[in-house]
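I opened the model to look up a helix and a few residues. My notes follow.

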Amino acid sequence: MHDELVDRIYECSVVPETWPAVLDDVAALAGSTGGLLFSARKSLNWTASDSVAEAFDAYVNDGWFGKCSRRVCLMSQEAPSFFVEYDFWSEEQLSADPVYRDFFRPRGLGWSAGTGLQLPTGDNIVFSIERAFDGGPIEPENVARLNGLRPHIARSALVSARLQLKRAEGATEALAALRLPALLLHANGDVAEASPMVEGLDEHLVWGATGKLRLTDKRADKMLAEALAALGSDAGDQVRSFPIRDFAGNAELVAHIVPVRRGAHDVFGDSLALMLLIPVASERAPSATLMKSLFDLTPSEARVAKGIAGGETPEAIAAAGDVAISTVRSQLSRILEKTGCARQADLASLLARIAVTTPN
């Protein structure tokens, strides 16, 4: 069931009409009524489960969206996690809040688990699961289930947001609409098609005689090969987002591997994966929220990464979080694997250089 749901989440990336049913099933995992996805860059686009679509149509069109502080709270959080109402407000505050008091609760809603994605492309995405008010708050164990799906939701929602939740007629149209460097890859690494914005990335990308893609960053090239092999074998826990460095070892791009699943083959043919290449910059201070958008870090891993970026030792991070040093070292090892770094110093350097860029 979990693997099938993950495949359907990735199908939504370019087949947006499948989002409502997927939102229903993600909500069911958390014992909830339905779900919704908002994306905003230059305009607001959204989709929702049929069960809550009417309520959220009124939420958007009757002015409640602009009055609601929930998305502001979600977007302010640095941890890559879903959050519930009690993470932000007391019961007294909720009861007095006009959006909860006068909009959600009269419609039988009022409990949710949501997450914000502030992406380096300039896209801001909110994904939330809505529960009936008489069902009570969403429990920690259900938040944990949602967090297990969050990296997949983030990658798929990024593609959907770039396409403005519209289905492309074919691969060429979809790649152009993404307005990012992007390549469609076969299982062996051969390039099926590339977006126009790939031009100019010769420092990082090399095509072999048969069309096979190689990355000049050997660490990134190895992670790409491992990601494609894992997709082909349905291995579930492979890293799918990783940095690509220049010859001096500085991160210049982050690659996101988005599997092509189910109905997405109608758009992308027999390709195995879509690889998005998101530029990063070093001329500004790093964004505090960027780590959660670039890499598949769990909330606890993100806390460790933030500490390393701030110059803290693993011992200090363990003490501050009241966890065992062995736990922090294990988390640090996983972070190094996910970011393609060989040493703690490399990780600190990587995180110190990355800042948000905003492609059109």
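The expected span of a helix is 1.5 Å times one less than its number of residues. I keep in mind that this is a predicted model.

Entry one: helix α10. I took residues 218–233, which make up helix α10 and number 16. At 1.5 Å a residue they should span 22 Å. I then looked up the end C-alpha atoms of α10, and they are 23 Å apart, which agrees.

At the start of α10 I found a side-chain oxygen of Asp217 within 3.1 Å of the backbone nitrogen of Arg219.

Which residues of α10 are buried? I listed Ala220, Asp221, Met223, Leu224, Ala227, Leu228, Ala230 and Leu231. An α-helix has 3.6 residues a turn, so residues three or four places apart point the same way.

What covers the buried residues of α10? The cover includes the strands β6, β9, β10, β11 and β12, and also helix α15 (325–339).

I found Ile9 in helix α1, residues 2–11. Ile9 has a relative accessible area of 0%, so I noted Ile9 as buried. Beyond its neighbours within four places in sequence, Ile9 is in contact with Trp19, Val22, Leu149, His152, Ile153 and Ser156. I also checked Ile9 against Val267: they are 258 residues apart in sequence, and their C-alpha atoms are 15 Å apart in space.

I found Ser160 in helix α8, residues 140–162. Is Ser160 buried or exposed? Ser160 is buried, because its relative accessible area is 1%, and the cut-off for buried is under 20%. Not counting residues up to four places away in sequence, Ser160 touches Cys12, Ser13, Trp19 and Leu165.

Terms used. Residues numbered from 1 in each chain as written. Predicted model: local features only at pLDDT ≥ 70, side-chain atom pairs only at ≥ 80, totals over all residues. Heavy atoms only, no water. Helix = DSSP H or I, 4+ residues; strand = E, 2+ residues; numbered from the N terminus. Buried < 20%, exposed > 50% of the residue type's maximum accessible area, 1.4 Å probe, protein only. Contact = heavy atoms within 4.5 Å. Polar contact = N/O pair within 3.5 Å; in protein donor to acceptor, adjacent residues only side chain to side chain.
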